Each structure stands twice: as C-alpha cells, then as structure tokens.
Amino acid sequence: MYYKGVYHLFYQYNPQGAVWGNIVWAHAVSTDLVDWVMLPPAIYPTAPFDVNGCWSGSATVLPDGTPVIMYTGIDGQNRQVQNVAYPKDLSDPYLREWVKPDYNPVIAPGPGTNATAFRDPTTAWQGPDGLWRLVIGTKDNHRGLAMLYRSRDFKQWAPANRALHSGDTGMWECPDFYPVTTSPAAAGGGGGTKHVLKVSLDLTRFEYYTFGEYDHATDTYVPDAALADGNDGLRYDYGNFYASKTFLDTAKRRRVLWGWANESDSAAADIRKGWAGVQAVPRKVWLSSDGKQLVQWPVAEIESLRGGHVNVTGRIVGAGQHFEVAGLASAAQADVEASFQVADLGKAEPFDPAWRGADAQAVCAARGADARGGVGPFGLWVLASDDRDERTAVFFRVFKDGGKHVVLMCNDPSMSSHADDLYKPTFAAFVDVDIAQAGGKIALRTLIDHSVVESFGAHGKTCILSRVYPTKAVGDKARLFVFNNGESNIKVTHLNAYEMRSAKITSDTTEPTSR
C-alpha cells in the first residue's frame, strides 16, 4: 500500500528457514519502489484466532486516513478466519507495529463453507450505499468461488446471497478485484472503466483474470463475453508468477502489480543458499487501448538502476546467425530493450492445425529455440556462457494461419544450466499483435537478475518470467546475444542494453546490504 509518502510491502515469510512454514507478515518500506528498508514482521501469531499462522490478505486505507490490514489467520481448530489489524502508532512513518483487536475474527467460515479453503481477503471498497465490500477466495468441491462480504463498520461482516463470480477450476486463492481504464494515468477508475477479477489457481499454480462490468448497486460482476475462466483465460504472466496483488498508487495515479516468483531448484538447494522466493519487479498495469487485455510494464523507477549502456542499431541477423551484445561489464544484471523487424513474413511456417487445441506452451515445447523455422525463432540468449553452452532463450516465432499471422513468444530455459535437480519448463504465450500491419516489427524488453529472466513482449502485452540457475554464466561471465534461427533475415532496428546496479536493501537496525 501507499501511505503518507511511503510504499509498504507485506509478504508471506518464514523467519525460521527457506522452506514453507511458520508464516508471518514480513514488512518492508520504500519511497521509490526500488530501494527498501526491511523491518521486523508486522503481523505474527499471538492470539487464538491466528495461533497457527498469519496467511495472506490485503490493506485498505479508510476514509479518515487510517490503514487497516485484513488477513487470514489459522485458528486453534485449523480453520481459516479473517482478522483485522491496525497500526499502533500512526505518527510512526514506517508503521512498524500493528495491533489486533480482541473482537477478531471479523469473518469466520459460515455453515456450508469449507473452513480449510477460505482465505486471502481483498482490499475493501465502498459502494454508493456506504457499505464496505471485499472478496474472499474459497471453493465448493471443484468450483472456485469469489465470495462477497459486506460491512458498515469494518467489524461486523455478512456474506452476500451469491458469489461475485465462480469457475469450475478448483480453489481460488489470492483474489484481486479492482477498476482499470485504458489510460495508465487514470488507474483509479473513471470514464470507460472495467473491473478486473484475478484469481490464483491452487490446482495448477497459475493465475488468470477476467474483466467486465461491475454493478455497484446490485453487486453483480459480468465478465466480457470473449473472456474465459480457467486454462483458456488471460494471464498476467505466462511463466513463474503467482499469488499476485495490486495496489492503487494514489501519488502517481497508477495501479501497481506485485507477483511472487517461486524457486525452480530443489528445497535442498534453497536450504543451502538460505533463501527462497522473490518478488517480480513491480509493474504498472492498465487496460489496452483496444480493450481486449491488460498491459503491464515495469514501473519507471526501475530505470534509476541503469548504468553502463550499449546500443545496437540497424543490424541484420541472417538465417542461423547470432552476435554478442558486447560492452556490458556484466550481463547478469541487465535491462534490455529491443525492436526486431522481420524481413520476409512470407517465409512464415503454416500453423499446424493440431495446435489449435493446444496451448502456447505445448507449441513452444514442440518448436523450441533450436528448432529452425521460417520466421524465427529470433530474439535473445541471456545469461549465456562464453561458449553458449549455457543460455536461456527469449524469442518470437511467427506462423501463418490462413490469411493472418500467429506470433508466439517463448522463454526456453532448457539449456540454462548444467546443475542437477532443476525444473526447467518452457513458458510461452501467443501475442495479440498484427505483425504484418506493424511492418514486421515487434518489441521485447527483458530484465535479467541472476536467476530471474522477466520478459515483456509487444510493449507489455505478453509477460513471461522464468527462474534459471546457470553454473557458468554467472557474474561477469554472463553474456548477452541476439540470435536468429529462422530463414527470414531479422533486423535489429534498435537495441539498448543497460547494466543494472543493485537495489539498496537495508535494515532498520543494520548496515546496507546488496540485493
């Protein structure tokens, strides 16, 4: 949340080890979303209503300016109940201490509610009638539910007669419900507003969202007709990105998205290194100009970490060719913005009819970075060793499907590391662009941070995050390449690669440490 000039990030944390368990609300603060001060945990088990854990939730700033946290506590009966907490001292700019009223829990699972699947309350909002509303994730057998609750005073809450929305997808975790517009500067709502409902699917560990019309008077949400629930739905990120949450940045009038990227190595490796899990770079999120999907982009403040810079302009990459983007002191921490232009879209391969029922990930697994094509694969090899024996590919591939083109974007980490016990899935998505109308051009931005490769295709229309663990391409041994394994020439119309400094991560009791 943003409160009196300070950004607060609360996150699920195990203070006793690098594996899941002993969950508390860790707390960090920042004035720029880049450099952070780590504080003691804000919320931790202290009472019967959260004795077995303080799980996820949300912050709401009340009209009088008081922030309140609503979180899921695991009580002595292992039921999931919803509790509130308030700052102990509003004059403390960091809001270090939080107190829990004795009247908790404020929402307990009612008759017929699955008490072991009833969690993650959203930020609350007020309707025209003055009542507060929030959504809690739950399930009824295999049906995921976004349950709506109302309150006049933030203390006593009552369930609505029907769920805000549901889907035959299994448990809905970490729901989020918020307004968006086509302008990123008007993320608080206004003319032409849509409402987004995002849920995290416990069964598959990915998220999807719909958006549509929300009637404040009747508390009904109707997704746009073209949008599907579940596997066929839209996703914020088609890679390793889960349990996400947005907040409204009132200072800069934008909606900001945080998402968690879990490890893809083994629990034993996590224990050895002493940590597990990272937050993705915070992203600004808004509705695309055509109203068909959300668009995301790293918050502008991230660019303050940019250092040394290399530029490539107008370079042709022929079939089977590659070149190194040389000149960076290290490509292990880098921000790369590139625009590619396809010379001959007529060379695009036919889109296999067998793929129509398959998702993009299956297509990319079948036609990876090394599978020669007509148009592509072309893009970047990141975190590459000198001999390219280790490399992670971020690339596009273009197919022809009747009279139109299909653009596939992939993260392929199959060659990313020689280490054992790694999960190296290929992640992919189809990009909603008309590449022919764009003159064969498509843009890619990739943020590289040691074990994180976070990519934004077509100016943020498609986002994919991968976790990789190179053994050779580390530190100043990491290299960056542009490659083209397609028949058509590719022009790098422009590419700007920046070294990225480490964010300053400090503690309120210790000296600064690098990220």
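Tutor: Strands are DSSP runs of E, at least two residues long, and they are numbered from the N terminus. The model discussed here is predicted.

Student: Between which strands is the loop that holds Arg205?
Tutor: Strand β16 covers residues 194-201 and strand β17 covers 206-215. Arg205 falls in the loop between β16 and β17.

Student: Is Arg205 buried, partly exposed or exposed?
Tutor: Buried means under 20% relative accessible area and exposed means over 50%. Arg205 has 42% relative accessibility, so Arg205 counts as partly exposed.

Student: What is phi of Arg205?
Tutor: Most residues other than glycine have a negative phi. Arg205 has a positive value although it is a residue other than glycine. Its phi is near 60°.

Student: Which strand holds Cys174, and what is its phi?
Tutor: Cys174 is buried because its relative accessible area, 12%, is under the 20% cut-off. Its strand is β15, residues 172-180. Phi of Cys174 is again positive in a residue other than glycine, near 45°.

Student: What is omega for the peptide bond from Gly376 to Pro377?
Tutor: Most peptide bonds are trans. The bond from Gly376 to Pro377 is cis, and Pro377 is found in strand β28, residues 375-384. Its omega is near 10°.

Student: Where is Pro105, and what is omega of the bond joining Asn104 and Pro105?
Tutor: Pro105 is in the loop between β8 (98-99) and β9 (118-119). The bond joining Asn104 and Pro105 is a cis peptide bond. Its omega is about -5°.

Student: Is Ser417 buried or exposed?
Tutor: Ser417 is found in the loop between β30 (404-412) and β31 (427-431). Its contacts beyond four places in sequence include Glu390, Tyr469 and Thr471. Its relative accessible area is 7%, under the 20% cut-off, so Ser417 is buried.

Student: Which residue has its backbone nitrogen 2.9 Å from a polar atom of the Ser417 side chain?
Tutor: A polar contact needs N or O atoms within 3.5 Å. The separation of 2.9 Å from the Ser417 side chain belongs to the backbone nitrogen of Ala419.

Student: How far is the C-alpha atom of Thr392 from that of Asn161?
Tutor: Thr392 is in strand β29, residues 392-401, and is buried, with a relative accessible area of 1%. Among the residues it touches are Leu380, Trp381, Asp412 and Val468. Asn161 is 231 residues away along the chain, and the two C-alpha atoms are separated by 50 Å.

Student: How many residues are in the largest nonpolar core?
Tutor: The residues with the most contacts inside this core are Phe340, Phe396, Val482 and Leu495. Val482 touches Phe340 and Leu495, along with others including Val317 and His322. The core has 44 residues.

Student: What is the angle between the ring planes of Tyr236 and Phe241?
Tutor: Tyr236 is buried at 2% relative accessible area, and Phe241 is buried at 3%. Their centres are 6.5 Å apart. Planes over 60 degrees apart count as edge-to-face, and this edge-to-face pair has an angle of 90°.

Student: Which ring lies under the charged end of Arg306?
Tutor: A charge must be within 6 Å of the ring centre to count. The charged end of Arg306 is 4.0 Å from the centre of the ring of Tyr498.

Methods. Residues are numbered from 1 along each chain as its sequence is written. This is a predicted model: local features need pLDDT of at least 70, side-chain atom pairs count only at pLDDT 80 or more; totals for chains, interfaces and linings use all residues. Side-chain values use heavy atoms; hydrogens and water are left out. Helices (H or I, at least four residues) and strands (E, at least two) are DSSP runs, numbered from the N terminus. Buried means under 20% relative accessible area, exposed over 50%, partly exposed in between (1.4 Å probe, protein chains only). A polar contact is a pair of N or O atoms within 3.5 Å; within protein, one must be able to donate a hydrogen and the other to accept it, and residues adjacent in sequence count only if both atoms are side-chain atoms. Contact means heavy atoms within 4.5 Å. A nonpolar core is a set of buried Ala, Val, Leu, Ile, Met, Phe, Trp, Tyr and Cys residues joined through side-chain atoms within 4.5 Å. Rings of Phe, Tyr and Trp (its six-membered ring) pair if their centres lie within 6.5 Å; planes under 30 degrees apart count as stacked, over 60 as edge-to-face and the rest as tilted. A charge sits over a ring if NZ of Lys or CZ of Arg is within 6 Å of the ring centre and within 35 degrees of the ring normal.
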